[in-house]
Amino acid sequence: MVAAERRQVCSGNDSNFIVINQKGIDPPSLDLLAREGIIALRRAKRRNMERLVLACGGEAVNSVDDLTPECLGWAGLVYEHVLGEEKYTFVENVKNPFSCTVLIKGPNEHTIAQIKDAVRDGLRAVKNTIEDESVVL
């Protein structure tokens, strides 16, 4: 079903097809998808799925039976990057770029908490400046 959808949407161009799933995908299914040139990401967090729907312009579906070309989103670039021992998937050049993730890494939990607080304070200051339309020097 997914392979047929890919052929319908991506035929005649150099587009790729990516499936992002909140649940697991069994290894035989991953192998079948890979043979068809479909990248499958599994175990995505719910909040990340919600952000992807908003950013890419797609629609989350509960079953492959509900998959239609109208519910597909779009991103210009999707890639995986290893930082330290963790793998991260980056989705860039999306239709509605109004969401982002700030990745914070540090040597220990205390440092990470301090960095989070500093970033949150800075973002709050920017938000207040935009809302108040004024700056105090």
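**Tour of a pocket and a ring pair**

By class, twelve nonpolar, five polar and seven charged residues make up the lining of the second largest pocket; Ala, Val, Leu, Ile, Met, Phe, Trp, Tyr, Cys and Pro count as nonpolar, Asp, Glu, Lys and Arg as charged, and the others, Gly among them, as polar. The model is predicted, so local features need pLDDT of at least 70 and side-chain atom pairs count only at pLDDT 80 or more, while totals for chains, interfaces and linings use all residues. Residues are numbered from 1 along each chain as its sequence is written, and side-chain values use heavy atoms, with hydrogens and water left out.

Start with the pocket. Its volume is about 1,000 Å³. A pocket is an open set of points on a 1 Å grid over the protein atoms alone, where a 1.4 Å probe fits, with protein on both sides within 12 Å along at least five of seven lines; lining residues have an atom within 4 Å of a point. The volume is the space filled by probe spheres set on the points, which are joined across faces, edges and corners.

Select N48, Y88, T89, F90 and T101: of the 24 lining residues, these are the closest to the pocket centre.

Next, colour α3 (46-56) and β4 (86-94), each of which supplies at least two lining residues. β4 gives the most, with eight. Helices (H or I, at least four residues) and strands (E, at least two) are DSSP runs, numbered from the N terminus.

Now show the rings. The structure holds one aromatic pair (Phe, Tyr or Trp rings, the six-membered one for Trp, with centres within 6.5 Å). The ring centres of Y79 and F90 are 5.2 Å apart and their planes at 15 degrees, so the pair is stacked (planes under 30 degrees apart; over 60 is edge-to-face, the rest tilted). Y79 sits in strand β3 (residues 75-83) and F90 in strand β4, eleven residues apart, and the pair links distant parts of the chain.

Finally, check accessibility. Y79, at 29% relative accessibility, is partly exposed, and F90, at 26%, is also partly exposed; buried means under 20% relative accessible area, exposed over 50%, partly exposed in between (1.4 Å probe, protein chains only).
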